[in-house]
Amino acid sequence: MGIVLPILAVLFGLLFGVIPAQAAGQSCLKCHAVHYAERGLCIDCHRGNPGSDRKNIAHHRLIEGRFSHFTIGNVAVVKEGNRLLDQLACRRCHRITGRGNSLAASLDRLIDTKMPQEVVDSIMKPVQGMPDFRLNEQQAGAIINAVFSGSSKEPVKGGERPLVKHFDKSSRSGEDVFGKNCGACHRMLTVRKGLIGVGDIGPNLSGLLSQYYPSTYRSTERWGYAALQKWVKNPRAVLPNSTMRPVILDEKQWRELRLTLE
């Protein structure tokens, strides 16, 4: 009985989250010093498997310290990450904390599906269609903390529409007005046609007409269809020092371009 009661007490504590990190028999404490002990178990912030002495098992799905600031709260790193998310307009393509376009994968469950270093790599060496923001590792880490912070609070939602992937250009309907007239300098993700354009001389135009695109029309204003028409027809009438040439489109081409952008 003298042995059984302590075991039962530990099991009860583990089930109901009342055992402090130092008393939980965690193998992590054999190698790592205790910090933020008042926050509970090591796995509450870092994940991993505290029941094994084998490093590869103990570190399974581990969140390293530099990526776990979000578990403390809205600290400086998380604030900087959120500032970068807004500055870089990540929501023009991604849903983050329930807000944003669905042109690329939602980031709201990223914490459950990707390891932090995988996300860093995807930011530092972006896939085709994603802008290269030329961030350093510290900035990428701040973004991950901000995204993970939102992921941990956003409830799982069912019935979401699958993200459509476009592989075959021949299956795309309508004329590629954007590709022919704008694609040499710009590229963008679209719902109807996937990634169009090949250029990176001009800005990435993904989500251009949405509320999440940066307010860069006349330097400070939001883009809209009327603003886009004025810009395309005569860029220097909007910004005198613009290096973009005018593009003349007929009504049919304008309709097709608008459908592409929506």
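**Notes on a predicted model**

1. Let's start inside the protein. Setting aside residues up to four places away in sequence, Ile143 touches Gly81, Leu84, Leu85, Leu88, Ile123 and Leu135. Please keep in mind that this is a predicted model.

2. As background, nonpolar side chains in soluble globular proteins tend to be buried together.

3. Helix α4 deserves a look of its own. Spanning residues 76-87, α4 has 12 residues and reaches 16 Å from its first C-alpha to its last, close to the 16 Å expected. Which residues of α4 are buried? They are Val78, Gly81, Leu84 and Leu85. Just after the helix, Ala89 takes a positive phi of about 55°.

4. Helix α4 also holds a charged pair. Arg83 forms a salt bridge with Glu80, with the closest N and O atoms 2.8 Å apart; the two residues are 3 apart in the helix, about one turn. Arg83 is partly exposed at 41% relative accessibility, and Glu80 is also partly exposed, at 30%.

5. In total, the structure holds 10 salt bridges. Glu256 and Arg192 meet in one of them, at 3.6 Å from N to O. This pair links distant parts of the chain, 64 residues apart: Glu256 lies in helix α11 (residues 251-261), and Arg192 in the loop between β1 (188-190) and β2 (194-196). Glu256 counts as buried at 12% relative accessibility, whereas Arg192 is partly exposed at 30%.

6. Another salt bridge joins the side chains of Arg66 and Glu64 (3.4 Å, N to O). Through shared partners, salt bridges connect Glu64, Arg66 and Glu137 into one network. Arg66 is partly exposed, with a relative accessible area of 36%, and Glu64 is too, at 37%.

7. Finally, the cysteines: how many disulfides does the structure hold? The count is 0. The sulfur of Cys28 has its closest cysteine sulfur in Cys42, 4.0 Å away, so the two are too far apart for a bond. For Cys31, the closest cysteine sulfur is that of Cys28 at 8.8 Å, again too far. Cys31 is exposed, with a relative accessible area of 69%.

Conventions: Residues are numbered from 1 along each chain as its sequence is written. This is a predicted model: local features need pLDDT of at least 70, side-chain atom pairs count only at pLDDT 80 or more; totals for chains, interfaces and linings use all residues. Side-chain values use heavy atoms; hydrogens and water are left out. Helices (H or I, at least four residues) and strands (E, at least two) are DSSP runs, numbered from the N terminus. The expected span of a helix is 1.5 Å times one less than its number of residues. Buried means under 20% relative accessible area, exposed over 50%, partly exposed in between (1.4 Å probe, protein chains only). A disulfide is a pair of cysteine sulfur atoms within 2.5 Å. Contact means heavy atoms within 4.5 Å. A salt bridge is a side-chain nitrogen of Lys or Arg within 4 Å of a carboxyl oxygen of Asp or Glu.
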